[in-house]
Amino acid sequence: MKITIKRLEITFVIVYFLAALLCFFLFRSKSCLLGSFVGWLVSIGDWFLLKIMAKRWLKKGGYSFIDYGLRFAIVAISILILLKAGFSPVGIVVGVSVIPASLMMLGVVALFRKITV
């Protein structure tokens, strides 16, 4: 069994729904749930930006620090706009942290199941 991009993206969705349920039941607020959703959308947008940039890096044979910095600036500005719009900061953090949590979870599963990467 291999870890593929498709498997990662399916894991992102599963972990998001678990995190959203945790956010909703732990804080008992719809604003936290909505904040986690928009945070997850920012995180998914960042993921697709990274995929596009990685394909370009492979074609050129290297990567640009300007592109990398621009991607982080876009994510930071998006989060700032969401915070200024009044979304729950806890929900945004939960939503944005879905992808790193998914990557760590698949890494642990790969370690214990000896999945090839």
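Axes are lines fitted to C-alpha atoms, for helices over the stretch in contact, and angles between them run from 0 to 180 degrees between N-to-C directions. I note at the outset that the model I am reading is predicted.

**Entry 1: helices α2 and α3**

I looked up how α2 packs with helix α3, which spans residues 65–84. Their axes are 11 Å apart, and the angle is about 170 degrees. Angles over 145 degrees count as roughly antiparallel, and I therefore record α2 and α3 as roughly antiparallel to each other.

I then listed the residues in contact. From α2 I noted Val 38, Val 42, Asp 46, Leu 49, Leu 50, Met 53, Arg 56 and Trp 57. From α3 I noted Asp 67, Tyr 68, Arg 71, Ile 74, Val 75, Ser 78, Ile 79 and Leu 82. The residues of this contact of α2 with α3 divide into 11 nonpolar, one polar and four charged.

**Entry 2: helices α1 and α2**

I turned to helix α1 (residues 5–27) and helix α2 (residues 30–60). These helices pack at an angle of about 160 degrees, and their axes lie 9 Å apart. That angle makes α1 roughly antiparallel to α2. I also recorded the crossing of α1 and α2 as right-handed.

On the α1 side of the contact I found, among others, Leu 8, Phe 12, Tyr 16, Cys 23 and Phe 27. On the α2 side the residues include Lys 30, Phe 37, Trp 40, Trp 47 and Lys 51. The contact of α1 with α2 divides into 16 nonpolar residues, one polar and three charged.

**Entry 3: aromatic pairs**

How many aromatic pairs does the structure hold? I found five aromatic pairs. I examined the pair of Phe 12 and Trp 47, whose ring centres are 5.0 Å apart. Their planes stand at 80 degrees, so the pair is edge-to-face. This pair links distant parts of the chain, since Phe 12 is in helix α1 and Trp 47 in helix α2, 35 residues apart.

Are these two residues buried or exposed? Phe 12 is buried, with a relative accessible area of 1%. Trp 47 also counts as buried, at 11% relative accessibility.

I next examined Phe 37 and Trp 40. Their ring centres are 6.3 Å apart and their planes are at 40 degrees, so I record the pair as tilted. Phe 37 and Trp 40 are three residues apart in helix α2 and are therefore separated by about one helical turn. Phe 37 is partly exposed, with a relative accessible area of 35%, whereas Trp 40 counts as buried at 14%.

I looked up Ser 102, which is found in helix α5. Ser 102 counts as buried, because its relative accessibility is 0% and the cut-off for buried is under 20%. Which residues does Ser 102 touch, not counting residues up to four places away in sequence? I found Thr 11, Phe 12 and Val 15.

At 59% relative accessibility, Met 104 counts as exposed. I finally compared Met 104 with Gly 39: they are 65 residues apart in sequence and 18 Å apart in space, C-alpha to C-alpha.

Definitions and conventions: Residues numbered from 1 in each chain as written. Predicted model: local features only at pLDDT ≥ 70, side-chain atom pairs only at ≥ 80, totals over all residues. Heavy atoms only, no water. Helix = DSSP H or I, 4+ residues; strand = E, 2+ residues; numbered from the N terminus. Parallel < 35°, antiparallel > 145°, perpendicular 65-115°, else oblique. Left-handed = near helix turned anticlockwise from the far one by under 90°. Contact = heavy atoms within 4.5 Å. Nonpolar A, V, L, I, M, F, W, Y, C, P; charged D, E, K, R; others polar. Phe/Tyr/Trp six-rings, centres within 6.5 Å; stacked < 30°, edge-to-face > 60°. Buried < 20%, exposed > 50% of the residue type's maximum accessible area, 1.4 Å probe, protein only.
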